Each structure stands twice: as C-alpha cells, then as structure tokens.
Amino acid sequence: MAGALDGVLVVSLEQAVAAPYLTCRLADSGARVVKLERAEGDFARGYDNAAGGESAFFVWLNRGKESLVVDIKNDDDCALLHRLLAKADVWVQNLAPGATERAGFGSEALRAKYPRLITVDISGYGAAPPPFDTAKAYDLLVQAESAVMSVTGSAAEPGRIGYSACDLNTGVNALSGVLEALYAREKTGKGAGISVAMFDAMADLMAAPVLFNQYAGKDWPRTGLRHNALVPYGAYPTGDGRLTVIAIQNEREWGRFAEIVMQRPDLKAEARCTPNQARMENREWLEGLIEEIFSHITQADLQARLQEADIAYSSVNEVADLVDHPALRRIEVETGKGVFSMPAPPIRNSTAEAPEYGSPPEIGEHTDSIKREFAA
C-alpha cells in the first residue's frame, strides 16, 4: 500500500493488543509490517470467533501485515531475522521482560549492530523496581494497579474501562515515539531506543487525580455517570427509560437550562442553584428535581428542548446504536472468511489518497516468500 510510510520496513515480534495496535497503524500508513509468529500463531487469534469464525481482535489489529513463522531459538531462523533486521527500519517487541535479551535480540544489542534501527520495547512496567520489573501485565491488571479503577465506576463500587484502554493507549504512545524517531533519523541518520509501558500510559492519564491527592489531599470521587465537579453534568433518565447526558459548563448555560429545558425560569437566580458551587452543595435536591421533571417527558422531548436551549448533550448509546450511528465512519477489510466492515482509523488526511487496507494474514502465510526474499 502506498502511504506516508511507504518503504519503511517494520519487523515485529508481537502478540495480543498493544504492539499489534502500533503496527496496524504503521501498516495503515503504508509501512511493510512483517509479523513474527510462533507456529501456533499470535494467541489473539484465539480470543474469539466473532468475525465469521475468526477473532475480531485479530482481524481488527492485524490488517495489512505479513506473517512469518519463526522460532527464535532456531539458528537458521535467527540468521533469517538478522538478515531482515539489517534492512529494517523499526523493530517492535512485546514479549515478557528479558525474553528478547535472552534470545539475543535485545534492543540495545540490535541498535549497536544496526545503528539506523529504531527499536520499540512494549512492556507492563518498564524499568520499574522488583517485583514489577518481571510482573505480568494484562489490561485489567494494569487498570487496577494504576488506580484507574478507583476513579471509574459508581460511588458504591469501582469499575473497569470496558475496552482494552491500557493496551490501546500504550499502542498510541508507541506510535508517537516511532514517528518522532523516524523524523529525527532523517536529520541525524541514527536510530533510537523507544520504550513504552502500560502502567506509564495510564499513570499519565491519571495526572489530575494524582495532583488532587498530592497537593489538595482530596480523592477523586467515583461518580458513575455524573461529573465530580459540575452540576448538572451527567446522565439523566426520561420517562421512556432512556438516558441522556447533559453538560452545563457555565452560568449562562444554567440559565437557559432552567428556563427552556426544565421550564422553571424561577430557578435561574435561585440561591441553591447558582453559581456551580451552590449546585454542587445542593446536588441531591437539584438532581432529584431534574429527574422528577424529566420523568414526565420522553428522550425526544428532552433533546428537542436541549437543542433549542443550545445545551450540549448526547445519548447513552448501546453498541447496537453505535453500529448504526450516522457519524460512524467505516472501512472494509477482506479476510478468508469474507469482507468485514469496521470503524475507520481516527486520523483523516484530506490531502492524501484514501488508503487501502490489506487483509490480516493466515499463520505463516508469507513465510516461504520472505525466506526467498531474504535468503543468505
């Protein structure tokens, strides 16, 4: 595929989600991605069978890659890998800590041998002290360890982010590091050592709660589908049982909300309702009043009033609603089991040709052709 990264060769010893998300984005941009797999394949191939018998995770994250089956303990396969790496631009790995070093493919050693190579190590905790330096790190575990769960969920109990947030944020961070390193190499001619950790990715996103705790001595409360610092800002039910998220940011919006949406103009200047701090202090009373008023109207009625008042809102949708959402952009990816439509990558480049998205590979689909191409 042509693209901004056309001509860039990526060799990735990857599995699961974080590293495949990085290399998927590189492949989408035109890079050639050679995915190294064991004989049994990336274990994400077996996560589910939702995509016509194939794993939805694998179909999503591995489009446009080539699959090369190798055994990094086999001398011939190691020699093949070195021939690949001699021409590669980027090396990616997310094996258990120390695994690639023990196999002779540690990033520092590879950069010493191939100075233009950009190496990417993706791990759970990076260079953290024991026991975290060797700890297994899966998405749910890292959400718990990084305190993300302490700020997610309802007041009654913590919750998890319902998708692989740690893996995917780590993949985005790795992508940023790779693109920076490729740009820097254009000026210096030298590769770089990129290291990204799942824990770091989530700790960075937790900066505001950390600062609250460190410097104000305050916990960041779990408020479910409510904002913890603004009222009204959250999900409110209507008489038909649907939830609508409403966001009031300032006193002008509060005035319009009271008059047009609640149809209670007397509340615009009510002492318990303005400013926001007063609404916070009287939250239980005010939100009870809002819910009582909304219980007599439908979601369509409420959203019509919100539109009239120029108040920000959204529906609390189910996945089925997203599937049919008018704003959802899609791409099509062809596999051996059919053509699958899925959400499009989030970055749009209006000055570039629309990319073509390749198929996810079968296990070892390109092993023979790659061996011929990189023969000794």
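This is a predicted model: local features need pLDDT of at least 70, side-chain atom pairs count only at pLDDT 80 or more; totals for chains, interfaces and linings use all residues.

Q: Which residues does the cis peptide bond with omega of about 5 degrees join?
A: That bond joins Thr274 and Pro275. Pro275 is placed in the loop between helix 10 (251-261) and helix 11 (276-281).

Q: Why is Ala16 called buried?
A: The relative accessibility of Ala16 is 16%, and buried means under 20%. Ala16 therefore counts as buried. This residue sits in the loop between strand 1 (9-13) and helix 1 (18-28), and its phi is near 70 degrees, a positive value in a residue other than glycine.

Q: Why is Ala147 called partly exposed?
A: Ala147 has a relative accessible area of 30%. Buried requires a value under 20% and exposed one over 50%, so Ala147 is partly exposed. Its loop runs between helix 6 (139-145) and helix 7 (165-188); here too a residue other than glycine has a positive phi, near 70 degrees.

Q: Why are helix 1 and helix 7 described as oblique to each other?
A: Their axes cross at roughly 45 degrees and come within 8 Å. Roughly parallel would need an angle under 35 degrees, and roughly perpendicular one of 65 to 115; the two helices are therefore oblique. The crossing is right-handed.

Q: Which residues bring helix 1 and helix 7 into contact?
A: From helix 1 come Ala18, Tyr21, Leu22, Arg25 and Leu26, and they meet residues of helix 7 including Asp167, Leu168, Val172 and Val178. The residues of this contact comprise 9 nonpolar, 2 polar and 2 charged.

Q: How do you know that strand 7 and strand 8 (residues 243-247) pair?
A: The two strands share 5 bridges, in the antiparallel sense.

Q: What makes strand 3 (65-69) and strand 6 (192-197) edge strands?
A: The open sheet has 6 strands in the order 3-2-1-4-5-6, with parallel pairing. Strand 3 and strand 6 each have a single partner strand, so one side of each is left without a neighbour in the sheet. From one strand to the next, the twist averages 20 degrees.

Q: How do you know that strand 1 and strand 4 (residues 90-93) are joined?
A: There are 4 bridges between these parallel strands, where at least two are required. Val11 has Trp91 of strand 4 as its bridge partner.

Q: Which helices lie across strands 1 and 6, and at what angles?
A: Helix 3 (residues 75-87) lies across strand 1, strand 2 (32-37), strand 3 and strand 4, at about 140 degrees to strand 1. Helix 8 (residues 198-205) lies across strand 5 (118-123) and strand 6, at about 65 degrees to strand 6.

Technical notes
Residues are numbered from 1 along each chain as its sequence is written. Side-chain values use heavy atoms; hydrogens and water are left out. Buried means under 20% relative accessible area, exposed over 50%, partly exposed in between (1.4 Å probe, protein chains only). Axes are lines fitted to C-alpha atoms, for helices over the stretch in contact, and angles run from 0 to 180 degrees between N-to-C directions. Angles under 35 degrees count as roughly parallel, over 145 as roughly antiparallel, 65 to 115 as roughly perpendicular and the rest as oblique. A crossing is left-handed if the near helix is turned anticlockwise from the far one by less than a right angle, and right-handed if clockwise. Contact means heavy atoms within 4.5 Å. Ala, Val, Leu, Ile, Met, Phe, Trp, Tyr, Cys and Pro count as nonpolar, Asp, Glu, Lys and Arg as charged, and the others, Gly among them, as polar.
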